[in-house]
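Student: Hi! Could we go through this model together?
Tutor: Happy to; here it is.

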Amino acid sequence: MKKFIWPIRVYYEDTDAGGVVYHANYLNFFERARTEMLRAMGYEQDELMVNDSIIFVVRSVQIDYLHSARFNEQIQVSTEVTIVKKASLIFEQLITRGDDVLCKGIIRIACLDAKSMRPKAIPENLLELLKNEH
């Protein structure tokens, strides 16, 4: 699984009064795709919090908005891990409609201890899987 693809239908709640996806909702789409990628790899974020005392948090986001998505369109979010470090990850994500790229994002994720909120190493088994993803 090099690039994970997650289909999304644009709902009315995702749009503004003109039927165009509100800019902040692209972050939600990116988040859902990263969560589903982890799930497809066999990891649930709530279980990681309970069993390994880790959480993943967004450290930084860079987004380029290129074209608008609209109400009721079927779009896809691609997610690719591009950099894996001991306690952080960088994802490149694209939102597309057919061949059109609507939005590009580079998202830096930090792994934190769920209790202390301090950086914590990604569990070795998950780290190895993520390294194989890029």
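**Charged pairs and the core**

Tutor: Let's start with Lys 120, which counts as partly exposed because its relative accessibility is 27% (buried is under 20% relative accessible area, exposed over 50%, partly exposed in between, with a 1.4 Å probe and protein chains only). One caution: this is a predicted model, where local features need pLDDT of at least 70 and side-chain atom pairs count only at pLDDT 80 or more, while totals for chains, interfaces and linings use all residues. Residues are numbered from 1 along each chain as its sequence is written, and side-chain values use heavy atoms, leaving out hydrogens and water.

Student: Thanks! Which residue forms a salt bridge with Lys 120?
Tutor: Asp 113 does, with the closest N and O atoms 3.6 Å apart. A salt bridge here is a side-chain nitrogen of Lys or Arg within 4 Å of a carboxyl oxygen of Asp or Glu.

Student: And is Asp 113 buried or exposed?
Tutor: Asp 113 counts as buried, because its relative accessibility is 17%.

Student: How many salt bridges are there in the whole structure?
Tutor: A search finds 6. Glu 36, Arg 39 and Glu 44 are linked in a network of them.

Student: What are the distances in that network?
Tutor: Arg 39 meets Glu 36 at 2.6 Å, N to O, and Glu 44 meets Arg 39 at 2.9 Å. Arg 39 and Glu 36 are about one helical turn apart, because they sit 3 residues apart in helix H1 (helices, H or I, at least four residues, and strands, E, at least two, are DSSP runs numbered from the N terminus).

Student: Switching topic: where is Asp 14?
Tutor: Asp 14 is in the loop between strand E1 (4–9) and helix H1 (25–40). Asp 14 is buried but has no salt bridge; Arg 32, the nearest side chain of opposite charge, is 4.3 Å away (Lys and Arg count as positive, Asp and Glu as negative; His and chain ends are not counted).

Student: What lies 2.8 Å from a polar atom of the Asp 14 side chain?
Tutor: The backbone nitrogen of Tyr 11.

Student: Last one: which residues touch the most other members of the largest nonpolar core?
Tutor: Phe 56, Ile 95, Leu 126 and Leu 130, out of 33 residues. Such a core is a set of buried Ala, Val, Leu, Ile, Met, Phe, Trp, Tyr and Cys residues joined through side-chain atoms within 4.5 Å. Helix H1 gives the largest share of this core, 6 residues.

How values were computed: A polar contact is a pair of N or O atoms within 3.5 Å; within protein, one must be able to donate a hydrogen and the other to accept it, and residues adjacent in sequence count only if both atoms are side-chain atoms.
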